[in-house]
Amino acid sequence: MSEAGFYRAGDGHVVVQLRLTPKAGRDGLDGVGELSDGRKVLLARVRAVPDKGAANAAIEAVLAKAAGVPRSAVTILSGHTARLKSLRIEGDADAIVRRLGGAAAPG
């Protein structure tokens, strides 16, 4: 994992660990949080409900926008029916990490 702890950069991709809150008042990223076991995760929320993949599609779109990549470049690797998810973002890993670092700052 990285210094920020919520992502792992590879060759041409970044894998992000994320905790999603569905049915929120807005779509967005809320910074970096820590789970009870000490793991770091990116905190995110979406307005969509967790029904028929709506919340998953919404978080893919939010993460794609934050990373500056097309929506098709973001894929959920694990956690399709859970709040804790692993997502893979295809593209220039350095640029994605830079953008996510700015987007993850609470603000």
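Partly exposed here means a relative accessible area between the buried limit, under 20%, and the exposed limit, over 50%. The model on screen is predicted.

**Stop 1**

Select Asp 27 to begin. At 32% relative accessibility, Asp 27 falls in the partly exposed class. Asp 27 and Arg 47 form a salt bridge, with 3.6 Å between the closest N and O atoms. Asp 27 sits in the loop between strand 2 and strand 3, and Arg 47 in the loop between strand 4 and helix 1, so this pair ties together parts that are 20 residues apart in sequence. Arg 47 has a relative accessibility of 52% and counts as exposed.

Next, select Arg 26 and Asp 30. These two form a salt bridge whose closest N and O atoms are 2.4 Å apart. Both ends are partly exposed: Arg 26 has a relative accessibility of 38%, and Asp 30 has a relative accessible area of 22%.

Stay in this loop and pick Lys 23, which is found between strand 2 and strand 3 (28-34). The backbone is the thing to check here. Lys 23 is not a glycine, yet its phi is positive, at about 55 degrees. Most residues other than glycine have a negative phi. Lys 23 counts as exposed, at 60% relative accessibility.

**Stop 2**

Move to Lys 52, in the loop between strand 4 and helix 1. Lys 52 is exposed, with a relative accessible area of 81%.

**Stop 3**

Select Asn 56, which belongs to helix 1. Is Asn 56 buried or exposed? Its relative accessibility is 13%, and Asn 56 therefore counts as buried. Show its surroundings: apart from neighbours within four places in sequence, Asn 56 is in contact with Ile 76, His 80 and Lys 85.

Then go past the end of the helix to Ser 72, in the loop between helix 1 and strand 5. Ser 72 is exposed, with a relative accessible area of 66%. For a distance label, pair Ser 72 with Ala 57: the two are 15 residues apart in sequence, and their C-alpha atoms are 10 Å apart in space.

**Stop 4: the nonpolar core**

The largest nonpolar core has 28 residues. To find those with the most contacts inside this core, select Val 16, Leu 18, Ile 59, Leu 63, Val 69, Ile 89 and Leu 100. Two or more core residues come from each of strand 2 (13-21), strand 4 (40-45), helix 1 (54-67), strand 5 (74-78), strand 6 (84-90) and helix 2 (93-104). Which element gives the most to this core? Helix 1 does, with 8 residues. In soluble globular proteins, nonpolar side chains tend to be buried together.

Keep Leu 100 selected and display what it touches. Not counting residues up to four places away in sequence, Leu 100 touches Phe 6, Val 16, Leu 63, Ala 66, Ala 67 and Ile 89.

**Stop 5: strand 5**

Select Leu 77, a residue of strand 5. At 45% relative accessibility, Leu 77 counts as partly exposed. Leaving aside neighbours within four places in sequence, its contacts are Val 15, Ser 86, Leu 87 and Arg 88.

**Stop 6**

Glu 90 and Arg 88 form a salt bridge, with the closest N and O atoms 2.3 Å apart. Glu 90 is partly exposed, with a relative accessible area of 35%, and Arg 88 is also partly exposed, at 28%.

Finish by selecting Arg 26, Asp 30 and Arg 45 together. Salt bridges that share partners join these residues into one network. Over the whole structure, a search finds 7 salt bridges, among them Asp 27 with Arg 47, where the tour began.

Conventions. Residues are numbered from 1 along each chain as its sequence is written. This is a predicted model: local features need pLDDT of at least 70, side-chain atom pairs count only at pLDDT 80 or more; totals for chains, interfaces and linings use all residues. Side-chain values use heavy atoms; hydrogens and water are left out. A nonpolar core is a set of buried Ala, Val, Leu, Ile, Met, Phe, Trp, Tyr and Cys residues joined through side-chain atoms within 4.5 Å. Buried means under 20% relative accessible area, exposed over 50%, partly exposed in between (1.4 Å probe, protein chains only). Helices (H or I, at least four residues) and strands (E, at least two) are DSSP runs, numbered from the N terminus. Contact means heavy atoms within 4.5 Å. A salt bridge is a side-chain nitrogen of Lys or Arg within 4 Å of a carboxyl oxygen of Asp or Glu.
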